[in-house]
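Okay, thanks for coming, everyone.

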Amino acid sequence: MTDLFTLEAEVRTDLGKGASRRLRHANKVPAILYGEGQEPVSLTLEHKNVYRAQQEEAFYSHVLTVNIDGKPVECLLKDMQRHPFKQLVMHLDFLRIDATHAVHVNAPIHFLNEEEAEKKGGKIAHQINEIAISCLPADIPEFIEIDVAGLELGQTLHLSDVTLPKGVTSDELAKGEDHDQAVVSLNAPKGVSEETDEAEEIEATE
């Protein structure tokens, strides 16, 4: 998988929409590299290499190495434009990184033991599928695991219930307690709560 995170690129001097169309017809992808106080650099990459790499989940949060005319630059993928219906990557935005500076990325969530939780009669509902985090580049997790086996019917896990890897913090929680987002719930089947309420009312009148 390491090779998927190393991409060869060339500096692009022919700019504009017409130039980008010509690149795509030649099976190449226009891109831009910016950040760390340096001037943006327009790039060209081979579409087949980009398309193969973007099929890996980790490509979107992993530290990438872009070799620009043979010179390696570490960066993160910040944006990707795809064709609305063709299997084509239209444009990439890369952000330069520094090993000593924290970065902001979205880490995908892997939910574990959903079937175990649903044996209790409920249905798992994902409120979010990724978590906005901050950390040093070396600490970026490929994904965050959340074990839902212990969820009870009607229970919801929030960001504050998620154990993040060492050195990783939640961007939302850093804003305050009122940003403690719901992450995943075990919802009771429709009608169960109403039936329970009716039963309680009957018991109360007897």
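So, first thing: is Lys28 buried, partly exposed or exposed? Lys28 comes out as partly exposed, with a relative accessible area of 24%. For that term, buried means under 20% relative accessible area, exposed means over 50%, and partly exposed is in between, with a 1.4 Å probe and protein chains only.

Quick housekeeping: this is a predicted model, where local features need pLDDT of at least 70, side-chain atom pairs count only at pLDDT 80 or more, and totals for chains, interfaces and linings use all residues. Residues are numbered from 1 along each chain as its sequence is written, and side-chain values use heavy atoms, with hydrogens and water left out.

Now, the partner of Lys28. Its side chain meets that of Glu46 in a salt bridge, 2.7 Å from N to O. That pair links distant parts of the chain, 18 residues apart: Lys28 sits in strand β2 (residues 28-35) and Glu46 in strand β3 (residues 38-46). Strands here are DSSP runs of E, at least two residues, numbered from the N terminus. Glu46 is partly exposed too, at 30%.

By salt bridge I mean a side-chain nitrogen of Lys or Arg within 4 Å of a carboxyl oxygen of Asp or Glu. Searching the whole structure that way turns up four.

Another one is Glu172 with Lys175, closest N and O atoms 2.9 Å apart. Here Glu172 counts as buried at 18%, while Lys175 is exposed at 52%.

Then there's Glu116 with Lys119, at 3.4 Å between the closest N and O atoms. Glu116 is partly exposed at 41%, and Lys119 is exposed at 66%.

Definitions and conventions
Helix = DSSP H or I, 4+ residues; strand = E, 2+ residues; numbered from the N terminus.
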